[in-house]
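Here is a friendly briefing on how two chains meet in a complex. Have the sequence and the 3D view open, and let's walk through it together.

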Amino acid sequence: MPRMTKPAREELSPFANRIARLRYRAVRERLGNPEFEIWSFAHLSDLRTQAERNEDA
Amino acid sequence: MAWFLFIDESGHDRVASPYEVLAGVAIQDRALRELVGCLHDAEFDAFGRRYSDGHRELKGSVLLKRKVFRHRELNVEFDPADIPALAKAALDDGARADASMLKALAVAKLHYVASVFDICARFDCRAFASIVETDAPRTTDSGLRKDYAYLFERFFYFLEDNNVGEQGIVVFDEVEKSKSHLLIDQMHRYFAQTAVGRRRASRIIPEPFFVHSDMTTGVQIADLVAYVIS
């Protein structure tokens, strides 16, 4: 995933490639885009709720 | 008909892994029996015996740790056909294992893990994951953790794209009972008391099962997925 920028263990990449083949791609309408892709792997950089984020802003 | 979503996590000790990963593997109920049989055969083919007999667990932190890759590079030669027998000898009596046996065991471990993912692909299994930065700001909210919510969202979309009558059954690795209760409470609130959750409960059964990971093949696959991604 492009947003995963931390160094990875190179020796695990053949396994990561196999796992990548098992991902699922859903397509839904989002933000006016009828072909918005939603992959089964999600990257999260913030676990707070929207209300908590607004409070901390 | 149903799809099991076996779930496990890796990297939450924040010691060796750059990410915390909650991973799930979806396996269709009618494929489960044959898939488990194929994985047991793959285990026997690689190790010359069941690796997981006794106290050993087929975990990513054991099968894919750095030492395994170092042992694979040991400077000893053997006939590849002898790998299962050599690996078996190492497992049967680790104290007497020589360099050939250690190298064969390492090769067998890596071959087995590759086989697991190949077999999963053959049975049309699907992998799901929430990948969390270790420095991600945490929530103090008592609701369902966001990484779980994202995982259920993706699983729901997958189910929605499948046959109408197919339900999702969530299966977790059993943790401490108090943590399991907390998760059940959070899932109940999510699936019963939020609009998004109620919609997802139309396809995902809102009460999870808890199993022992060392005895449940599906959770072991989820552990391998989580370990590699983290």
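pLDDT is the predictor's confidence in each residue, on a scale from 0 to 100. On that scale chain A has a mean of 89, with 100% of its residues at 70 or more. Please keep in mind that what you see is a predicted model. For the complex, the predictor gives an ipTM of 0.90 and a pTM of 0.92.

**Confidence, chain by chain**

- In chain A, helix H1 (residues 13–20) has the highest confidence, at a mean of 96, while helix H2 (residues 50–56) has the lowest, at 78.
- Chain B has a mean pLDDT of 92, and 99% of its residues reach 70 or more.

**The interface as a whole**

- On the chain B side, 43 residues are in contact with 34 residues of chain A.
- About 3,700 Å² is buried between the two chains, and carbon and sulfur atoms give 60% of that area.
- Polar contacts link 25 residue pairs between chain B and chain A, counting pairs with both residues at pLDDT 80 or more.
- Which elements of chain B give two or more residues to the side that touches chain A? They are helices H3 (66–72), H5 (99–122), H6 (146–160) and H9 (217–229), together with strand S3 (126–133).
- Sorted by class, this side of chain B has 26 nonpolar, 13 charged and 4 polar residues.

**Salt bridges**

- Side chains of opposite charge can pair when their charged atoms come close.
- Over all chains, a search of the whole structure finds 21 salt bridges, and the count between chain B and chain A is 5.

**Strands within chain A**

- Strands S1 (residues 25–30) and S2 (residues 33–39) of chain A run antiparallel and are joined by 5 bridges.
- A:Arg28 turns up again here, standing opposite A:Phe36 in S2 of chain A.
- The hairpin of these strands has 2 residues between them, and A:Leu31 takes a positive phi near 50 degrees.

**Strands across the interface**

- How do strand S3 of chain A and strand S3 of chain B run, parallel or antiparallel? These strands run parallel, and 4 bridges join them, with residues 41–44 forming the chain A strand.
- Within this pairing, A:His43 stands opposite B:Ile131 in S3 of chain B.
- Strand S3 of chain B is also among the elements that give two or more residues to the side touching chain A.

Technical notes. Residues numbered from 1 in each chain as written. Chains lettered and ligands numbered in written order. Heavy atoms only, no water. Contact = heavy atoms within 4.5 Å. Buried area = accessible area lost by both parts, 1.4 Å probe. Salt bridge = Lys/Arg side-chain N within 4 Å of Asp/Glu carboxyl O. Polar contact = N/O pair within 3.5 Å; in protein donor to acceptor, adjacent residues only side chain to side chain. Nonpolar A, V, L, I, M, F, W, Y, C, P; charged D, E, K, R; others polar. Pairing = 2+ DSSP bridges.
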